[in-house]
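Colleague: I have not worked with this structure before. Please show me how to read its features one at a time.

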Amino acid sequence: MIETHNLKERKQYLDKLIGFQDTEPVKVITGIRRCGKSSLLKLMVAHLKKTGIPSEQIIEMNFESHEFRNMTADDVYTYVKERVIPHKRMYLFFDELQRIKAWEDSVNSFRVDFDCDIYVTGSNAYLLSSEYSTYLSGRCVEIRMLPLSFREFLDFYDFELRETKSALGGMRKQVFDKKGEQYELREVFDAYMRFGGMPGIADVGLDQQRAMSLLDGIYSTVVVRDILEREKRRGQKRITDPVLLRKIILFLADNIGSNVSLASIGNTLVHEGLLEDGKRKGSPSVHTVQAYVNALLESYFFYEIKRFDIKGKEYLRTLGKYYIVDIGLRNYLLGFRNRDSGHALENVVYFELLRRGYDIAIGKIDNNEVDFIAATADDKKYIQVTESMQSEDVRRRELEPLQKIRDNYEKMILSLDTGLDSSYDGIRSRNLIDWLLTE
């Protein structure tokens, strides 16, 4: 059992859960393995106890535990029924419920038979796929959990952000660890870009070898349990080749932020000799690649983003992009290198926008592309991401698509080096790290 006093609070997610407490919908927390879902359940249990709910009204089951992992849906029902206290509201917590076949039968029965508030986690979007959503339609609310934001990263590693006076008279942000050692903010951001935001790394510290072995464990578990094993449990025969799966993962990790089609993945794997033609004649079919990519999206390993034609006001079917859920996982897969840092920064901005509740698309305007259109019900932003705005060529390239957009929504360029100007014709130039640290 995890001790809650050792758990760092993920306030953004805990507040959402508390907001839905004692409401009818089943609370479903989704996200890649080891991003903090189990800890969030523990924090919610601690919150309930703190507000006066007795322990005997709380039932916790973790289906990764040997104690529960071979249960059937009927066994789960029996286990809970035996512990329900008549005429009392029960709080039911089910961790990694997707391991139980026909789990939705049990959950529905609990809703009908008992006075209860239900919380569920799952490391696979299959948990909420169309087959099951009909069962729970309108009766569940999804809380998508992501690895640590940069702000959370500072908190998890016990860094304190302070503003100090700079030599030029302005203010600058500096970071102090708990021993009082001082660091430049950029140094700590570089550590975030190297190690990523998986919460477990905070337990082993910023040590490359230990961090890599932890990421290796996450990678193997996602691939084996959430993709290959799950495919067997579903009785499917589409994803059977672990070698092909790894090659597709490496391809997508290497091409984050690039326009990618399924056909191009298959062709590239053959042309680069990543698939041995001795074993396979020609490239894998588009259907095969699609099945493998879908499995990676379902396990929250990669996220897909569609293109939107700004003038035509419609989504385009061609050439989306993929981003990897954690930049540390990408470094584990591909090794540490400095190339392609622009796309790595895009990756970080994409997930920060998701955390902030935006719907995101790539913008197309004429032959130009806008990195992100970020929209909510009442707001829209156009965002470009680049490493530096110092060079005139880069400035021209980044500004051109934004200058073509004729509406009045905010247009912004995020970079690590903004140059001297804070805006160009109404287009804001902002420091990317400062933006990550603002709410």
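Colleague: Is T288 buried, partly exposed or exposed?

Modeller: This is a predicted model, so every value here is computed from predicted coordinates. Buried means under 20% relative accessible area and exposed means over 50%, with partly exposed in between. T288 has a relative accessible area of 28%, so it is partly exposed. T288 belongs to helix α12, which covers residues 286–298.

Colleague: Where is H87, and is it buried or exposed?

Modeller: H87 sits in the loop between α3 (73–83) and β3 (90–95). The relative accessible area of H87 is 86%, so this residue is exposed.

Colleague: What is the phi angle of H87?

Modeller: Phi of H87 is near 65 degrees, which is a positive value in a residue other than glycine. R34 also has a positive phi, near 65 degrees, and is likewise not a glycine. R34 lies in the loop between β1 (26–30) and α2. With a relative accessible area of 46%, R34 is partly exposed.

Colleague: Which residues does E56 contact, leaving aside its neighbours within four places in sequence?

Modeller: Contact means heavy atoms within 4.5 Å. On that reading E56 is in contact with R83, I85 and M90. E56 itself is in the loop between α2 (37–50) and β2 (58–62).

Colleague: How many residues are in the largest nonpolar core, and which have the most contacts inside it?

Modeller: The largest nonpolar core has 103 residues, and F150, F189, I265, F301 and F372 have the most contacts inside it. Helix α9 (residues 208–233) gives the most to this core, with ten residues. Apart from it there is another core, of 24 residues, including M71, L97, I100 and V120.

Colleague: What does F372 touch?

Modeller: Not counting residues up to four places away in sequence, the residues touched by F372 include I305, Y323, V349, L353, I360 and I383. The list also holds E346 and K381.

Colleague: Now the whole chain. How many helices and strands does it have?

Modeller: There are 16 helices and 16 strands. The radius of gyration is 23 Å, close to the 22 Å that the globule rule gives for 439 residues, so the chain is as compact as a globular protein of that length. The C-alpha trace spans about 70 × 60 × 45 Å along its principal axes.

Colleague: What share of the residues is buried, and what share of the contacts joins residues at least 24 apart?

Modeller: Buried residues make up 49% of the 439 residues. Among contacts between residues at least 6 apart in sequence, 67% join residues at least 24 apart.

Methods
Residues numbered from 1 in each chain as written. Predicted model: local features only at pLDDT ≥ 70, side-chain atom pairs only at ≥ 80, totals over all residues. Heavy atoms only, no water. Helix = DSSP H or I, 4+ residues; strand = E, 2+ residues; numbered from the N terminus. Rg over C-alpha atoms; globule rule 2.2 N^0.38 Å. Buried < 20%, exposed > 50% of the residue type's maximum accessible area, 1.4 Å probe, protein only. Core = buried A, V, L, I, M, F, W, Y, C linked by side-chain atoms within 4.5 Å.
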